[in-house]
Amino acid sequence: MKYRVSALLPAGPALAMVCGLVIGPLLLLIRVSLYEPATGRGFYTPGTLSFTNYAAFADGYLLGIAGFTVGCGLAIATMVLLIAYPLGLFLSSLTARMQLIALGLILMPKTAGLLAMLFGLQRWLPRGVLATLIAEVYLVLPYAVIVIYAQLLNLDPTLRAAARGLGASSWQVFRRVTLPLSMPGMILAFQLGLMWGLGAFLGPLFLGRPNETTLAVELHRQAFEYGRWPLAATEAVGLLVLVTVAATGVPAVVQMRRVTRC
Amino acid sequence: MLIRKRVISVLGWGTIVCLLAPVLHTVWVSFSPDSFLTPPTTAWSFKWYVACFQDRRWMHAILQSLTVAGLAAGLAVATAAPAAWSMGNLTRTQQRFVSFLLLLPALIPPAALGIGLLPLVHVTGLWGTTLGMVLVHATIGLPIGFLIIRTCLPEQLSELETAAAGLGASQPEILRRVTLPLLAPVLFAAGIAVFVLSLNESLVSIFLATPNNETLPAVVWPQLRYSPSPLVAVASCTTAIIGTLGILIVLRILVTRGRHSCPSLTKSPPSDRLPACHEIRQVSTVP
């Protein structure tokens with residue numbers, strides 16, 4: 001048993017960083033959400049413990065924002081999947097050298113030119129829900145393409161050749177070999193798209209109208225424009241709950257469908 | 001058949017061009033000779049680039065961005081590498097535990113992380129410091145660094161380490177003469193990836209920036225939102241140029257390295273291929 005724990009030692013510093021700067025803040029978030037709002041100076045009233053902030057979810061305003069966030073997340077994940085899958089197929093059909101070039105070009109706007117991309121989109125698209133969704137698709141798409149592309153590369157190419165040899169048309173090969181075998185990649189891409197779509201921040205911030213905000217934008221506004229940290233923390237907790245539901249919910253739904261089909 | 005292939009290729013490349021178009025538009029606008037946001041057609045100028053590099057606030061932000069990105073990349077690789085290296089010695093459960101925790105920073109919404117970090121940096125005195133920014137950026141870079149190193153660990157690494165130990169090398173000697181030289185390109189690639197990511201990190205930075213430690217994206221975003229100008233386009237392009245160079249380097253390294261260790265990056269499955277002469281020689285000359 002002792003030997004096993006010591007094997008974790010090399011990972012120690014990295015784990016400590018995640019615990020201190022990710023897990024810690026998340027726990028702190030829950031604590032801050034239980035403070036009462038500040039009266040006068042400060043960001044919250046120290047030493048208080050109450051659920052008053054969570055009552056805000058019961059009124060229509062926050063519930064509306066949460067609903068809008070979920071709608072955005074689902075729309076983003078669906079759009080991303082619909083574009084990423086054909087793009088992944090296209091990518092895997094290229095020669096090794098072209099794959100590399102195409103991959104670099106797909107990664108470039110999100111990873112290297114994030115601000116430049118938002119600047120360009122802002123010039124072209126009038127603010128609104130559609131612009132928000134397009135911007136978020138631009139932000140999430142590269143990751144989804146990589147996930148699907150990696151899945152497609154792992155397919156055994158001889159399976160497709162065998163299917164062709166047995167007389168299947170290229171559509172049949174796609175429908176009955178490629179598509180089913182690449183399903184795990186599609187599910188993962190949808191799941192990640194949903195998780196990132198729920199946390200949509202830059203899209204609605206730069207391209208959404210003020211009344212079309214997601215939870216992420218709303219909590220930023222509460223914290224920085226009104227200094228209401230407890231309420232912002234409460235909204236963040238709500239957002240985390242949604243993301244957790246997405247993370248566990250998508251595989252669960254897939255599992256259920258598989259069981260009912262059997 | 002040929003027509004269909006052509007249609008597919010036009011659609012595929014067309015999508016990629018659509019993805020690139022907004023960035024290209026911004027680059028175009030950044031050469032504008034006046035302060036309008038229409039792309040220049042006849043007269044081009046570097047006026048806004050000069051203005052950006054002469055402005056103290058922009059320069060401070062650019063330098064701050066580069067410093068933070070460099071330090072964060074170093075820290076992320078220094079912590080992710082041992083973690084990725086040790087995965088082979090762990091049980092299944094431990095592996096899942098470590099991967100889950102190290103990938104967590106990429107999975108939770110940055111806005112929630114930002115608002116959670118706010119009280120933490122206030123309490124610990126990291127508020128407004130470069131150190132705080134570096135720690136946060138390194139944590140955000142951990143997942144990508146870990147993933148790259150993990151998937152590209154050379155296959156023969158543990159065998160060569162065992163061989164070196166059998167030949168009487170001490171643990172530090174193995175690390176210095178076998179492990180690090182073999183890992184160096186992968187670590188470099190991972191470092192560049194984290195660097196590029198950190199340069200563009202604009203979500204958590206928006207929450208944590210103060211005039212003292214603000215990185216470029218934190219200076220750009222309020223202006224981008226309320227008063228876009230060619231100057232903002234220039235500032236956005238600066239990170240885009242550095243970032244693109246970075247991506248090129250990463251892909252290049254991963255592909256030359258990845259021929260053997262990253263089958264997912266190359267098309268031909270290398271499993272049943274006989275090793276080439278130079279590879280055998282290469283392996284046998286390693287101490």
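Accessible areas here come from the Shrake-Rupley method with a 1.4 Å probe. The model is predicted.

**Figure 1. Chain A, overall view.** The accessible surface of chain A comes to about 12,100 Å². Carbon and sulfur atoms account for 69% of that surface. Chain A has 262 residues, and 51% of them are buried. Its C-alpha atoms fill a box of roughly 75 × 60 × 40 Å along the principal axes.

**Figure 2. Secondary structure of chain A.** Twelve helices and two strands make up the secondary structure of chain A. From the N terminus, the order is α-α-β-β-α-α-α-α-α-α-α-α-α-α. How many contacts join residues at least 24 apart, among those in chain A between residues at least 6 apart in sequence? The share is 69%.

**Figure 3. The interface of chain A and chain B.** Chain A puts 76 residues into the contact, and chain B puts in 78 residues. Together the two chains bury about 7,100 Å². Of this buried area, 81% lies on carbon and sulfur atoms. In chain A, the residues that lose the most area to chain B are Leu21(A), Leu115(A) and Phe119(A). Together they supply 10% of what that side buries.

Figure 4. Helix 2 of chain A, residues 12–33, gives the most to the side that touches chain B. Its share is 14 residues. That side of chain A divides into 61 nonpolar, twelve polar and three charged residues.

**Figure 5. Helix 5 of chain A.** This helix spans residues 114–124. Nine of its eleven residues are buried, so helix 5 is largely enclosed by the rest of the structure. The buried run includes Leu114(A), Leu115(A), Ala116(A), Met117(A) and Leu118(A). Phe119(A), Gly120(A), Leu121(A) and Gln122(A) are buried as well. Two of these names return from the interface view: Leu115(A) and Phe119(A) are among the residues of chain A that lose the most area to chain B.

Figure 6. Arg150(B) lies in helix 6 of chain B, residues 130–151. Is Arg150(B) buried or partly exposed? Its relative accessible area is 35%, so Arg150(B) is partly exposed. Leaving aside neighbours within four places in sequence, Arg150(B) is in contact with Ala84(B), Met87(B) and Ser99(B). Pro185(B) is 35 residues from Arg150(B) in sequence. In space, the two are 13 Å apart, C-alpha to C-alpha.

Technical notes
Residues are numbered from 1 along each chain as its sequence is written. Chains are lettered from A and ligands numbered from 1 in the order in which they are written. This is a predicted model: local features need pLDDT of at least 70, side-chain atom pairs count only at pLDDT 80 or more; totals for chains, interfaces and linings use all residues. Side-chain values use heavy atoms; hydrogens and water are left out. Contact means heavy atoms within 4.5 Å. Buried area is the accessible area (1.4 Å probe) that two parts lose on being put together, summed over both. Helices (H or I, at least four residues) and strands (E, at least two) are DSSP runs, numbered from the N terminus. Ala, Val, Leu, Ile, Met, Phe, Trp, Tyr, Cys and Pro count as nonpolar, Asp, Glu, Lys and Arg as charged, and the others, Gly among them, as polar. Buried means under 20% relative accessible area, exposed over 50%, partly exposed in between (1.4 Å probe, protein chains only).
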